[in-house]
Structures are given as C-alpha cells and as structure tokens.
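These exercises each set a task and then work through the solution in steps. Try each task on the structure before reading on.

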Amino acid sequence: MSKQEDKDRKGKAPSPNELAMASQAAESTAASAAATAAKEKAKKEKEERRKQKELELKMKGIDISGKKPKEATTKAQRRALQEQQRADKGDKGNKDQHRDTASVASTAGGRDSRAETASQHAAASANPATAHKKNANVNMSNRAVLQDKRMHLYLHLDFPQHPPSSASALSLIPTLDAKNTDVAERGTGDSGALAAGIENAAHPPGPQVVVGMSREDYVAAETGEPATVTITDAAGGPFEAALRDAMPPFESGPGHRRIAKASGGMVGIEIHPQIKEVGLRMGAMDIVGSNARTESVLAAFVKVIDDYVSPRLAVVNRSLHQHISVQINFLVHQRPMCIGMGNAIRWLKHEIGLLPADIKDEEAKSTLISLIGDYVQERISAAGKLIAESGAQKIQDGDVVLTYGASSTVQRLLLTAHKMGRRFRVIVIDSRPQSEGLGLVRKLVKEGFSDLSNATDSASASSADDSHGAYGKGRGRSGMNGGVTYAPITALSFLMREASKVFLGAEAFLGNGAMLSRSGTAMVALAAHSHHIPVIVACETYKFSDRIQLDAVVSNELGVPDELIYKTGIPDAQPVGSQSDQTLSHMEYSAYARDRYSGRPRWNNLSFQSKDAANDSGSALAGGKGKGKGARASAAAAAASSDLTPEAKAAAALKANCPLSDWRTTSNLHLLNLMQDVTPPEFVTVIITEVGMIPTTSIPVVLREYKNQI
Amino acid sequence: MESPKQHSAAFSRELTANIEDFIAKLKRGELQGSKTVALKTANLMRHVVADSRWDHGETLKQLLKTVGRRLLKAQARELLIINIVCRVLHIVSEAAPQTNGRSTTITAAAATTMTASAAAADTAGLRGSETPAMGLGGSVSSRNLADQVSTSLLRAEANLYHTKSDIISEINEYITEVECAEDEIARNALDHIHSSEIILTCGRSRTVEKFLLTAARKRKFHVIVTECAPLYDGHEQAKALASPNIEVVVVPDSAVFAIMARVNKVILGTHAVMANGGLIAASGTHMVAAAARHHSAQVVVCAGLYKHAPSFPFDDDRFNTLMAPDAVLPYGDARLVDAVDVVSPRYDYVPPDLVDILVDENGGHLPSYIYRLQQDLYDNANDLAWNIPDQ
C-alpha cells in the first residue's frame, strides 16, 4: 500500500501540504535550509528508496540502521540551530539572514517567511528553542512538544528504526499514513484517530509536527538529558527542577534518579520490538515484580539473540555484546532495572563474553538461547518451586500468615501450602499507590482461601450457598481455619497482634544482609519484629547482590508523583477518564522516563489537559480514547461556551476532592513516591532460598559460592 | 440504667431538644474532629447547668452524669465526651463548696481562696511561667484543704444563684481554654523546632498545623507529611502547611520507614492522651512512632489538655472503631468484597514508651507524668467511674 502512495506522491507535483511540511523543515533548519534546499529533492528520493528497502528487509525480520545519514544531518541541524540563535541575538540579524537565504534560494526563503506568518504554533512545535523566545504561552508550546512526543512514540512503536532527522523524515510520512490507515482499517481505531486528529489539528500542516521537533528532543528524551525543550518559566509549573526541589535536604542523594546516558554511537542502533514491548510495559508498570521482569526480559533476549545477524567481518561475541547493551540501555530508560534483572543480564553478558571468537552465528545463538533457558529454569522457576515447597512446610494449621504487597514467590508458597491442605488465615497488608496486594487477594480468593465451608470447625453448612451466606458477618468470619483479610498499611499495628508468621518477598538481598523490597516492607518487618513474630522472607538466590546500602534514601526508585493525588475509594477522586483508559494501548502514559519521573505534567495527567481545554482552544487534548478528533475540533467552541465537558466536570470534582491536584502550581509542596525500602537485616528471621533456609548473614557466603561456580 | 424520662422533669424542653440533637449527631457520626466534639459537649454541659432544675451540687452532678451516659451510649468510643464531662464534674465539685464557704468562718474563706487559686491554676493559670513542680505542690495542698472544707460544709445550704453563675463562668473559661488550646500549644513551637530541621508529621491535625506554622514565622524547615491511607487527610495537612518557610513533601504511608532515616523529629497530633501517656491517634501513627524509635528520632506529641482522657488503656481496642471498608476495597468489586475481610481501623494505640514529649498548653511533659497532671484536671476516682455502665 505504501508503495502505491509513494508512487502517487512522486507522480504529482508537491501538494500544498507537502510544501508546508517542507517549509517547516526549512524553518527548523533555518540557515542550512538554503544550502540543503537544492539537495533536498534528491535526498528525499534517496531516502525513499532506502525506506522501501528497509521495509522490505523488515518484513524479512532484518533491520538496518540508518546511522550515517542521520548523523550528518544532525550535525547540520545543530550548526543551523547555533547559527540561528546567534542570529536571534542581533535584532536585525534575523531578518538579514532571512534575506540572505532568500537571495541564495528564493523558494526556501519564501517558504520560511510564510511558515512564520502561517502559525506560531507550528513554529513552536518545529523548533522549541526558538519557540519559547517567540511564544509567550509556554504551556501551549509545551503541550505541542508533548504532542510531538506522542507522535514519536507511535513512530517508535511502529518502526523498529528511529525516526530519521528532519529532512529525511519527510519521506516517512507516506509510510506513516499507510500504517495509520492500515490500523484504521483493521478497526483498532485509536492510533488512526490520533493520526486523524493530528491532521485536523490547529497546527496547520499536521504531520510535520513529527518532522519539526524530531531528533534532538527525541534523543534527549531517550537519553534523559534536558534537551532544547527545557522550559525555565516557573509560571508554567515546576518542571525538571521540581524533582530536585522535592527533596531539598538530600540533593545529592535520594531518589535523584540518574538515567543512564546513551552514548552517541548507540542512538542509531535499533531496539528490538520485543525489547520495546517489554520495556514499555515495564515502564507502564504492566510488568512488575522482580521475577516477572527478569523472566520477560530474558525471554525477550532469547528473541533478540535469535533475530540477531552479526555484521560482516565482526566477531560474534563482541558485536552481540554491543547489540545487547543497546537493548539494555533502552530498558533502563523505561524503568531502572531491579537487582535480579541486573544480575541476570550481567550473567548473560558474561556468557556472551565466554563464547569463542571463531564461533558461527547459529551456533552461538543456540548456545546462548539454551543457556538462558537453563538460567530461567534453574535460578527462577525451579528455585521458586523449591522455595514454595520448603516454605509451605513452615505453615501449620491454624497459622495466621501476614504478608505485604504481592510477591510472586510468597503467592506460590501460600498456594502450595493451601494445596497441601493446611488451614490457615492470610492477612494481606497493602499500600498505595500500587495496591499490588489486591492482586494477591484476588488470586487467593480465586484459589478458595476465603472458602471456609470445608473447614473442620466451621459452623456453616457444607453447601457453597450457606458458606456464602456466612460471609458478610464482618470480622468474625476469618477464623483460624482460613479466610483472607485485607487492610491498608496503616492498620498494620492493629493486625500484627493477630499474626503468627510474617511472609515477605524481596526484590533483592544486599551484601550487608539488608533486604531491598517494595516500600512499606520495612514497616511490616519492624512491626513483626517488635511483636516478636518471625519474619520469613522467600527469595531466590539470583536476587542476591554484593552491593551494600544502609538506608533507602541513598538510592531509591521514584514513582510517578501524580499517583499520590488520587484517593482510593472516593469515586470523584480518581484520575479523570475511566480505568480502561489507563492502559498502554491507549497511550495513557509517557514512554519517556524523563516525563514520568520529572515534575513535568504527563500526558496521562488528564486533569491538566481537561482543565486547560477550557482555556486553551488550540491544543486541547481530549482524554478519552477516540475522542482526539472531536475534542480538538470543538475545543474552541468549548472555550467560548461555558458548558463543561464531562472531563472538565470530572476535573472540577477531582480538584474539590483532592487537595493535592494542583500541587505543581503550589509553591513548596512536593509529592514523593518512593518505591523501595531497605529493611535492616535484624528484622529478618530467616530467608528461604533454593539453597536452603539461611540467615541474612549468609548472603555473602552464597554470593561467594556462586562466584566460585562461575 | 436510667431511662431518659427519669430526669426529663429536671430538663427544660429546649435542653431536651438540644441533648437529643447532639445525640443524633453523634450517632450519625456527623461530628468529626476532637475539638468540635469537645466544644459541643462543653456547650451542652453548660446548657445543662444553666437550664435544668437542681438545688445542690450533688444533684447537678447526677444530672450531668446522666447526660454524659446518654451521650456515651450514642458514641461509646468517643473519649472526648468522657473528658469533658469529667472536667465539668470537677468544675462543679470545686465551685459548689466555694460559694457555701463565703458566709461562714474565716478558715473556710481562706480555704476558698486557695481553692479558687487552685482552680485557676488548673484551668488557665498554669499556662504562665509557673513550673509544673509549683503547680503540683500548690494544688495538692489546696486539694486536701478543699476536701476538708467541702466535707465539713457539705450539709450547708447552697447559695444556688451564686453557685450557678460561678459554675457557668468556670465552664465558659474552660470553653475558651479549649478554643485557644492550639494557640497556646503553638507558643511552645520555637522550643521544639530548629532551623532547617526535617520534621515528619502524620495525617491531619490542626494543633500540629498551628504549631508548625508558628515555628515557621521565625524558622525555615522541611516537613514530610504522610497521607494516612484510608482518610488521606495528610493531603489537606500538606496543603495547609505549604508556605514560604515550610517545604512540604507528601509521602505515602509505606515510605515512612524509608524516609525516617533523614527525619530529625516527628511531631504528631492525637485524638486523645491516655492516663499512662499513651495515645489514641489516627491509625498508622503507631507505625510512624515505632519507625521513629527505630531511627532514634524524637517523637513530640501536641495535644491540648482537653484531650487528656482519665483512663488507662488496658484493652487497646476498646477505644477503637472500624471504618467502612470501601475506602480500602471499593465496593465495585462485589465478589471480592464479599469474600474478604477488610479491616480499616480508625485509631491506633501508641504506647507511652514510643512518645518522647507531650506538649500541651503549659509546655512539655513526659508521658510518665501525665497521670499526675490528670489528677489536677479531673476529680477523684469516684467521679471518674460514672461512665462505667454498671455503676
């Protein structure tokens, strides 16, 4: 299909839309535009040809990096930017330059000026750096930038390849359109609607929003560097600095998330789609938990290795090592690795390094894939099974087991004990904002933990209906024989008296015996310790690390601060938009770590969007799925008329119910969503591992054993 | 024990309506916040004193106890009702002999002045520069004297008119004291907060809010607010505290242990202070205090004297209530709600050994001193037992 369109494009004269796009590109690369204008056509064709080739290759599952041409244009673009900034300093310098460019290539100059008069907004999206000087409305341009990123994300998802630079991206548009129509035809709708929305948007020539902002910001978003988009205007809300401000006493330390920088060289190397999927899902907290993350990443790496074709004349282990590093970098940008995952990847790299230099591709691949399979089997699955079996022995009839959050290992352990016929009650303590414990409760209920009908001393009759009727009697129904209790972490000291054993999962054990785990675990362990209740931790040995950390502030993972705004159980205090909108498929999140973890308003912070929808006609972004087009079209009308959209109403209710909803604009108010906790070793009674039940002091010993094995 | 009608003859129609209204509100749980409950109860007690038929201090006490018992029946776990009723009973027993003594001997006159001064010291006087030790000695001696005098003069005819107005003015003074408690406590703020400290507080407390904001007039510091899960009233607290001199950081309840490593001081509000110095505070407070103890952070509790409850918490759950579960597990998931016990207690009991200082209107006290302080505030055990149903 795309081929056909390309032909169409070549056949007819450049459409006005295309001209505008071209002008946009010219605008962004103002000075070099004149120089490149002549070459552009030839380049375009070249790019298109390359594109075709790539698409064909892609169908065969082979990717080609478009590294070289991109770098060249980046340099040109950067030079252009510098020049433009220099020009902007002098008042008439700008005009002079335009005149110069006009004299050199009148067409380019003409377009340039036309683009400027046509839309400031488009300019904003085209070149944020200059846009902020020109455009007083920082919010507006900022949103345009965000929108750009959204487009980029689509590109990012659709193509394994990075979006090319401004000039070459032109050739991408037909492909993109083809892709979108394709999607629309298939009826999934959302991305098609989005594309349509962008075409109909207030930004005049739509798709070159993609063209304009492209690389610099994109790369910046990938590397986590503050890019040209950095907005210094405080009135627009606290941005990057907000994160730092959130923890003023600890500037150097806690949670100040350091996103690994990508080396310039890796940018062009493509990320495997499988890695993208896993990475994005991890970033969106769709895949959580150490075991799940590690397993899915290793499974993705099996695919990566399987699809890998080493370049000619390259040594397999070297090039594969590099290839994998790039993939890992992408993963880390989405969400910092957990320790187990880090260990697994370190092991994988080690194994790659061990491959002989003269090994054939196929051979190397099959070796690695089988090794990964063994690792998953041995260190994760089988280990978990062993832990569950030996841990289940520790549960006796009549026990009251308290657990926190949702650990896959502990869940397995409890289910094993249940299957063994042990009658015990489970207390699940949970906390905001993740509320992972709810998942565990669901699982336990599904497995019949709350079903007391066959309990020995249960008064209720044996029929399911009767036992069902016995429910709802409040607290008494969870007896010593079973039942599930669910409580927030604030109820911890209230419930700890009832517990007889505490089972916890861990993200990692550190060299000093401290346990790294979901925030709140340390409180549970402390409460158990002070009530003299044994704390039993189920943890596979692959999660052991020789790192040492004394408290949770020195290094931590920061969650999305906005999650703290909302309140559970109050219908009006929920994120605007239904729960189903909060999924990856609807793009209700930012794939850019920088957006997720900084003070910058996120896309899925719909309260902002719908609030602004009333003030801001141009760039209103409707929240719900498939509404993009309509909301945008009617944004101006909505601004004029006073009747509120459902989103705006919901936003108003949200504001009334959640005092923190405007925390970004309140000075000296910050939200801090710490994700991890370091539990001191003295709180942990025993660790159940696949190598036996060990005290925390034995962790260095186990680590040493494994090192010796390797 | 007593039916409402038993004393209805003693109450005016208006008073009866007032009592019934208050009871209805208590039953519906409309009254939130300890100060509101305290003030309403005190106002009602004043109304009882002013607007019911009684001819003797003892009769009045009986009336007050009856009303108190009815209030407690409506809201058995509300410690503040007990506090206020006990306090008013104390005021009555102090004021009743005082007016009797006016017409008799010189010794009695001397005794009354002492009683008056003691009463003043009890209610409002202590907030001055007087040290606790002085207040202690003075009130002990005056109590003995007052007891002697009151027993010797018990049978004397009471000058009802004077007694009533005295009692009412005393209650008025007490009400003002409750109203101003926060400001009085906040005057101590600078003694406890230093510049650039990191302070952690928990949930919503207007006393703590005022305390911190008063300190912020002179000093600049950071406050970490935990959100206190099912109610999330920490959000409001954070919003109220955010000001130029206070950097506020809101953390989820789960992050308390993690963040405690950097906290210098924990400043807590409470619902009630028990006689042993323990607290009945918002749920989650116990864990905060325990984490603070583990990290050796000082725990300062701000509580007005009206929050001092004259009983010992032998059974922690007696003062606790469970809240509706939908804040924890929304009812939307009906199957799950049906199968799972959801526990969402309203209060936590914080044992006194986790509390370092209790700050009230008169300054800081050790938890171990609270029982003695309460002896000045409330009458002897005989009167305290009124709220036990079998009495």
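**Exercise 1: Two packed helices**

Helix 2 of chain B passes helix 3 of chain B in a right-handed crossing, meaning that the near helix is turned clockwise from the far one by less than a right angle. Helices (H or I, at least four residues) and strands (E, at least two) are DSSP runs, numbered from the N terminus. The model is predicted: local features need pLDDT of at least 70, side-chain atom pairs count only at pLDDT 80 or more, and totals for chains, interfaces and linings use all residues. Residues are numbered from 1 along each chain as its sequence is written, while chains are lettered from A and ligands numbered from 1 in the order in which they are written.

Task: describe how helix 2 and helix 3 of chain B pack, and which residues meet.

Solution. Two packed helices are described by the angle between their axes and the distance between the axes. Step one: helix 2 (residues 34–51) and helix 3 (residues 57–74) of chain B pack at about 145°, with axes 10 Å apart. Axes are lines fitted to C-alpha atoms, for helices over the stretch in contact, and angles run from 0 to 180 degrees between N-to-C directions. Step two: B:Thr41, B:Met45, B:Val48 and B:Val49 of helix 2 meet residues of helix 3 including B:Leu60, B:Leu63 and B:Val67. Two residues are in contact if their C-beta atoms, placed from the backbone, lie within 7 Å. Step three: this contact of helix 2 with helix 3 of chain B has eight nonpolar residues, one polar and no charged. Here Ala, Val, Leu, Ile, Met, Phe, Trp, Tyr, Cys and Pro count as nonpolar, Asp, Glu, Lys and Arg as charged, and the others, Gly among them, as polar.

**Exercise 2: The contact between the chains**

Task: find how many residues each chain gives to the contact, and which strands pair across it.

Solution. Step one: chain A gives 58 residues and chain B gives 52 residues. Step two: on the side of chain B that touches chain A, strand 3 of chain B has the largest share, six residues. That side divides into 33 nonpolar, nine polar and ten charged residues. Step three: strand 8 (residues 669–671) of chain A pairs with strand 3 of chain B in the parallel sense over three bridges; two strands pair if DSSP finds at least two bridges between them. A:Leu669 has B:Val248 as its bridge partner in strand 3 of chain B.

**Exercise 3: A sheet in chain A**

Task: give the strand order of the open sheet of three strands in chain A, and name its edges.

Solution. Step one: the order is 5-6-9, with antiparallel pairing. Step two: strand 5 (508–509) and strand 9 (676–679) of chain A are the edge strands, as each pairs on one side only. Step three: strand 6 (residues 515–518) and strand 9 of chain A are joined by four bridges, and A:Ser517 has A:Asp677 as its bridge partner in strand 9 of chain A.

**Exercise 4: One residue**

Task: why does A:Phe330 count as buried?

Solution. Step one: A:Phe330 lies in helix 17 (residues 316–334) of chain A. Step two: A:Phe330 is buried because 21 other C-beta atoms lie within 10 Å; the cut-off for buried is 20 or more, with C-beta atoms placed from the backbone. Step three: leaving aside neighbours within four places in sequence, A:Phe330 is in contact with A:Ile271, A:Ile275 and A:Gly279.

Technical notes: Buried ≥ 20, exposed ≤ 12 C-beta atoms within 10 Å, placed from the backbone.
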